[in-house]
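Hi,

Here is the structure I promised to pass on. Please have it open while you read, and my notes follow below.

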Amino acid sequence: MRCTIEKSRNETVEKIVSLAKRRGFVYQSSEIYGGLNGCWDYGPLGVELLRNIKDEWWKAMTYRDDIEGLDAAILMHPRVWEASGHVENFTDPMIDCKQCKARFRLDTLAELISDKNKEKALKEFNGVEGETLDDKFTALLEKPETAQQLLNLISCPQCGNKGTFTQPRKFNLMFKTFLGPVEDSNNVIYLRPETAQGIYVNFLNVANSSRQKLPFGIAQIGKAFRNEINTKNFLFRTREFEQMEMQYFVKPGTDKKYYDYWKEIRIQWFKSLGMTPSKLRFHDHPANKLAHYAKEATDIEYEFPFGWGEIEGIHNRTDYDLSRHQEYSGKSQQYYDDVTKEKYIPYIIETSAGASRSFMAFLIDAYYEEEVNGETRSVLRFHPKLAPIKAAILPLVNKDGMPEIARKIESELRPHFKIFYDDKGAIGRRYRRMDEAGTPYCITVDTQTLQDNTVTVRERDSMEQARVSIDKLVAYLREKLM
Ligand code: GAP
């Protein structure tokens, strides 16, 4: 008898955070010093899952003849960030509570204030536009002439005091540091807030050295840093994270075609790795909400327990970035089209996924609780390609020659797969531990093995067992893990 247990939304995130720590997926950074907000460490299982996600992305994006790989430096010339618009525009509006010193992003205030509080404050305004309470509240905050008046009427979500907010200020999200030993303003450089710019400044290098013709892309995986005002929801918004970005360079006029093409390819990628299709959707950006560089943009969103959230952005960035780099560097960024004999700056279609945010989505999506014969089992139903451990080898008992056979199987499988060996405790408990780690197959050496050289292979989701000959195990697993 087996049935899935429904969980409440909050319960799921709490359970995932606790499982992530207990089983070695993710730990709080610098935990013994009280933790560092917005930074996380990936443990033994987490690092495998993250690596598998990145490997699958890398294979999907670069094992094709029109995309090249790149690994650019995190530190870049400071002019890059002037050209990209980040020095001027990569800001969040921020307010502080003068009483308790808490800091809030102005555009997230609506989420933090109670509806009663909002209603009371809104009574002081006439004819505010917007359908919902939140729409009206946000509309007032977006206009400098009404923002301050509204802020004077509401209470701080942290200390409850009224009228204690500072004026909204722009806060740049880039982390600053200094290049070389002298710490003055001439030596300021930034930790990159996106990997994309490393690709743009290498566009001609890659085009010339790889002899690629348009349309072609450049893909990169790497760390990015943002000094987020409010980090939240575990790995969703962190200060250090990883991106998997691909920039596709196309002839102007063909951009719409490739934008639509990449939208489909990218959502399919998440589905192909087992993410629940009904929990994925596009959120197209309305024209008045587009980023400063974008002509068209959509987010691939996943339905997290706390609501829909972006896991990947797809943008038509036009020729904005290359034109700006041409202007700021004084170096031509034009492409010579030897078919049409024209020179032009290509348009760019960008696919920008968060590796760490995808990690969180894959982890949450895989998590199930089931009642099996009156007991609860937690299971991570990862796609086999993403599972951190591919198979566990479990001798039924720690005697009668079973551990020796199990160790031999282990040494035969290890060159091919990430394997885990466990001979401690009851077999049921060992299965449960592997379910919780998301291991797709458990191989058990039992009394029958001693007679006919076969083992049982238990499949994680169905819990069904098959009898497989030891000498066929590598081929069997290889086929199943595809
Ligand atoms: N180059 C375009 C760009 O960076 P973005 O929408 O700001 O676009 C792309 O970021 C992706 O990076 C997001 O969809 C998200 O998955 C991830 N991301 C952005 N900020 C993040 C943060 N603070 N923490 C974790 N992931 C983040």
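In this predicted model, the axes of helix H7 (residues 133-142) and helix H8 (residues 144-153) come within 5 Å and cross at roughly 115°. Axes here are lines fitted to C-alpha atoms, for helices over the stretch in contact, with angles from 0 to 180 degrees between N-to-C directions. Helices (H or I, at least four residues) and strands (E, at least two) are DSSP runs, numbered from the N terminus.

From H7, Phe137, Leu140, Leu141 and Glu142 meet Pro144, Thr146, Ala147, Leu150 and Leu151 of H8, where contact means heavy atoms within 4.5 Å. By class, this contact of H7 with H8 has 7 nonpolar, 1 polar and 1 charged residues; Ala, Val, Leu, Ile, Met, Phe, Trp, Tyr, Cys and Pro count as nonpolar, Asp, Glu, Lys and Arg as charged, and the others, Gly among them, as polar.

Phe137 deserves a click. This residue of H7 is buried, at a relative accessible area of 0% (buried means under 20%, exposed over 50%, partly exposed in between, with a 1.4 Å probe and protein chains only). Leaving aside residues up to four places away in sequence, Phe137 touches Leu109, Ala110, Ile113, Lys118, Leu122, Leu150 and Ile154. Lys118 lies 19 residues from Phe137 in sequence, with 7.0 Å between their C-alpha atoms.

Next, helix H13 (residues 355-366). Its 12 residues should span 16 Å at 1.5 Å a residue, and the end C-alpha atoms are 16 Å apart, which agrees; the expected span is 1.5 Å times one less than the number of residues. H13 is mostly covered, with 12 of its 12 residues buried, including Arg357 and Asp365.

Finally, the sheet. Its 5 strands form an open sheet with mixed pairing, in the order E21-E20-E22-E23-E24; two strands pair if DSSP finds at least two bridges between them. Strands E21 (419-421) and E24 (465-469) stand at the edges with a single partner strand each, so one side of each has no neighbour in the sheet. On average, neighbouring strands are turned by 25° against each other, direction ignored. E22 (residues 441-445) and E23 (residues 454-459) pair in the antiparallel sense over 4 bridges, and Thr444 has Thr456 in E23 as its bridge partner. Helix H14 (residues 402-413) packs on the sheet, touching E20 (391-395), E21, E22 and E23, and its direction makes about 160° with that of E20.

Two housekeeping notes. Residues are numbered from 1 along each chain as its sequence is written, and side-chain values use heavy atoms, leaving out hydrogens and water. As the model is predicted, local features need pLDDT of at least 70 and side-chain atom pairs count only at pLDDT 80 or more, while totals for chains, interfaces and linings use all residues.

Best wishes
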